[in-house]
Amino acid sequence: MEIYPTLQDFIDAAGTELGPTDWLEVTQDRVNLFADATGDHQWIHVDPERAAKGPFGGTIAHGLLTLSLLPHFMYQLYRVDGVTMAINYGLNKVRFISPVAVGAKIRARSTISEVATVNGGAQATMVTTIEIDGSEKPAAVIESVIRYVA
């Protein structure tokens, strides 16, 4: 984990690559809990028997489940001290490149793409790639925006 002691240290780190994080196994239990939380019970995610005969040979994680793990990975990548709070300001772009099979391991790498000062703090654009163990193609590429309040 990279620790930035001040907001200015983080601002000065624009262009820095972070990671990778630890691997995280995507389990069927996690997928089922996500399906329950979102109401998305499509068979490709929650029915291992039917999915075994489907296009991926088994169940896969929801793309939005992969996206929802972004905070989990970001907490492993870096921390900015000396701020009162960090706010998820939104997403500029999200692409789901490859499906994540249940049982696969994923991790993240991120680049501090841009940091701009704003009234009372700074706003960072982070480009994060979620990798799949053993795959040349990533699961997702996410451009997120975080606002830091000093």
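Predicted model: local features only at pLDDT ≥ 70, side-chain atom pairs only at ≥ 80, totals over all residues.

Reader: What makes up the secondary structure of the protein chain?

Author: The protein chain has six helices and eight strands. In sequence order they run β-α-β-β-α-α-α-α-α-β-β-β-β-β. The C-alpha trace spans about 55 × 30 × 20 Å along its principal axes.

Reader: How do you know which share of the contacts joins residues 24 or more positions apart?

Author: Contact here means heavy atoms within 4.5 Å. Among contacts with a separation of 6 or more, 69% are between residues 24 or more positions apart.

Reader: Why is the set around F10, Y78 and M126 called a nonpolar core?

Author: The term asks for buried residues of kinds such as Phe, Tyr and Met, joined through side-chain atoms within 4.5 Å. The largest such set has 36 residues, and F10, Y78 and M126 touch the most other members. The largest share, five residues, comes from β7.

Reader: What is F10 in contact with, leaving aside its neighbours within four places in sequence?

Author: Its partners are Y4, Y78, V80, I112, V115, A124, M126 and Y148. Each of these pairs with F10 through heavy atoms within 4.5 Å.

Reader: Why do you say that the buried residues of α2 line one face of the helix?

Author: Buried means under 20% relative accessible area, and in α2 the buried residues are Q28, V31, F34 and A35. Down the helix axis they fall within an arc of 125°, so they line one face of α2. The other side of α2 holds D29, L33, D36 and A37, which are exposed, a word kept for residues over 50%.

Reader: What covers the buried residues of α2, and what follows the helix?

Author: The cover includes α3 (43-46), α4 (48-52) and α5. After α2 comes G39, with a positive phi near 80°.

Reader: How much of the protein chain is buried?

Author: Of its 150 residues, 39% are buried, that is, under the 20% cut-off. The accessible surface of the protein chain is about 8200 Å², and carbon and sulfur atoms account for 49% of that surface.

How values were computed
Residues numbered from 1 in each chain as written. Heavy atoms only, no water. Buried < 20%, exposed > 50% of the residue type's maximum accessible area, 1.4 Å probe, protein only. Helix = DSSP H or I, 4+ residues; strand = E, 2+ residues; numbered from the N terminus. Arc of directions from axis to C-beta. Areas by Shrake-Rupley, 256 points an atom, 1.4 Å probe, with all protein chains shown as cover.
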